[in-house]
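Hi,

Here is the structure I said I'd pass along.

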Amino acid sequence: MVDLNWTLIAQIINFVILVAILTWVGYKPLMKALADRQAHIAESLETAEREKVAAEELKLEYQQQLAQARNQAQAIVEKATKLAEQTKEEILQEARTEHARLLKAATEEIARERELALTAMRNEVVNLSIAAAGKVLGQQLDEAANAALVSNFINSLDEQKLGDLKC
Amino acid sequence: MEQGGAHEIGVHKAAEYFGLTFNIETLYMTWISMAIVIVFAFVATRRLKMVPGGWQNFLELIVTALLDQIESAMGPKGKKMAPLLITLFLFLLVSNWLGLVPGFTSPTSDLNTTLGLALLVIALVHITSIVNKGPGAYIKHYFQPYIPFVVINLIEEAAKPITLSFRLMGNIFAGEVLIVILGKLVPMWIPIPNIVWLAFSVFVGVVQAFIFTMLSMSYLAGSMSDDH
């Protein structure tokens, strides 16, 4: 059963040949494939890590830009609001001033016109009075004395009967 | 499994070449095993892909598992021994399983095969030991811790290849014997014992190949470490 012979040597040689063939056919390509895969995985992981960091940075940047834009928008709106307020105030001020000026001018104009009208009217009245008096009396008085007389008369009229229409 | 097969239990056909005796059947079976292993390795490593599948995946599973063992047992220096140990495992696995196919016998059921492999491993152990530690330290370590221990140390060294080879040969040979005996004892229409024993033999084949490889690995690791 246990018969040792030259088979032993042959088996050793067989096995050494098998090791050589397997190393050449299987082991080396497989080791290369494993190393390649390891390198590939490491590279993929590294790339992923790098991209993740880049994405993070980009996100941060975008967030900053967004915040900046929001602040700017806020500032612009505030500025616009302030400007509008100011403009409104100015316009109102101007309008008020204009209004006051116009009112004043109109009042003065009215007063002047009335003065003129009154003066004209008074002269007219004096002349009419003199003409009427001359016709009534039939005689011509001294013109200056006449005027003084009528004027005096009208003044006294003013005081007594035309109380609220001041000259 | 009928007795009319090519072999009788435990008797290896011998042939003489150049006046030297060879167990020719064992050699044939060895070459068949070698062919299977080579074809398997060849098929598994053609068109190697980044994402392994099929045979490549299977081979990678075995190789990476063994490489992990080698790495942890021998450290980085063990890489040089990796092809030998991986080949050893694959060859023993296929050899052990070959005997389960009707009409074939395991090359490992012949002591010539197992003792040859064991002697090869042990020779390698001693060579690496001498290279690694230097001849002086190598000889000195037989006389550790005291000079009389040389007897025990020598027996230990001699026991290594013997246990290694007889363990494997005994297991596989017994498996084959029992397959034949079961085939004779149990009628063919009760196949359960045969199937159970065949399944167990498949398991034994893996375990024995693994044990032989692991022990070779640990012996080699011992010769490579600087302490001891």
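Which residues in helix 3 of chain B meet which ones in helix 4 of chain B? Bear in mind that this is a predicted model. On the helix 3 side they are B:Leu84, B:Leu88, B:Phe91 and B:Leu92, and on the helix 4 side you'll find B:Thr113, B:Leu117, B:Val121 and B:Leu124. Sorted by class, that contact comes out as seven nonpolar residues, one polar and no charged ones.

As for the geometry, helix 3 of chain B covers residues 82-98 and helix 4 of chain B covers residues 111-133. They pack at an angle of about 170°, and their axes are 13 Å apart. Angles over 145 degrees count as roughly antiparallel, so helix 3 of chain B and helix 4 of chain B are roughly antiparallel to each other.

Next, the interface. The size of an interface is often given as the accessible area lost when the parts come together. For chain A and chain B, the buried area is about 3,300 Å², with carbon and sulfur atoms giving 76% of it. In residue terms, 31 residues of chain A are in contact with 47 residues of chain B.

What about polar pairing across it? Between chain A and chain B there are four residue pairs in polar contact, counting pairs with both residues at pLDDT 80 or more. The side of chain A that touches chain B has 21 nonpolar, seven polar and three charged residues. The rule finds one salt bridge across the interface of chain A and chain B. B:Glu60 and A:Arg37 meet through their side chains in a salt bridge, at 2.7 Å from N to O.

Over all chains, the salt bridge count comes to eight by this rule. Two that sit inside chain A might interest you. One of them joins the side chains of A:Arg50 and A:Glu46, at 3.6 Å from N to O. Why are these two about one helical turn apart? Because A:Arg50 and A:Glu46 are four residues apart in helix 1 of chain A, which covers residues 7-137. The other joins the side chains of A:Glu85 and A:Lys88, at 3.8 Å from N to O. A:Glu85 and A:Lys88 are three residues apart in helix 1 of chain A, so about one helical turn separates them too.

Cheers

Notes
Residues numbered from 1 in each chain as written. Chains lettered and ligands numbered in written order. Predicted model: local features only at pLDDT ≥ 70, side-chain atom pairs only at ≥ 80, totals over all residues. Heavy atoms only, no water. Axes fitted to C-alpha atoms, helices over the stretch in contact; angles between N-to-C directions. Parallel < 35°, antiparallel > 145°, perpendicular 65-115°, else oblique. Contact = heavy atoms within 4.5 Å. Nonpolar A, V, L, I, M, F, W, Y, C, P; charged D, E, K, R; others polar. Buried area = accessible area lost by both parts, 1.4 Å probe. Salt bridge = Lys/Arg side-chain N within 4 Å of Asp/Glu carboxyl O. Polar contact = N/O pair within 3.5 Å; in protein donor to acceptor, adjacent residues only side chain to side chain.
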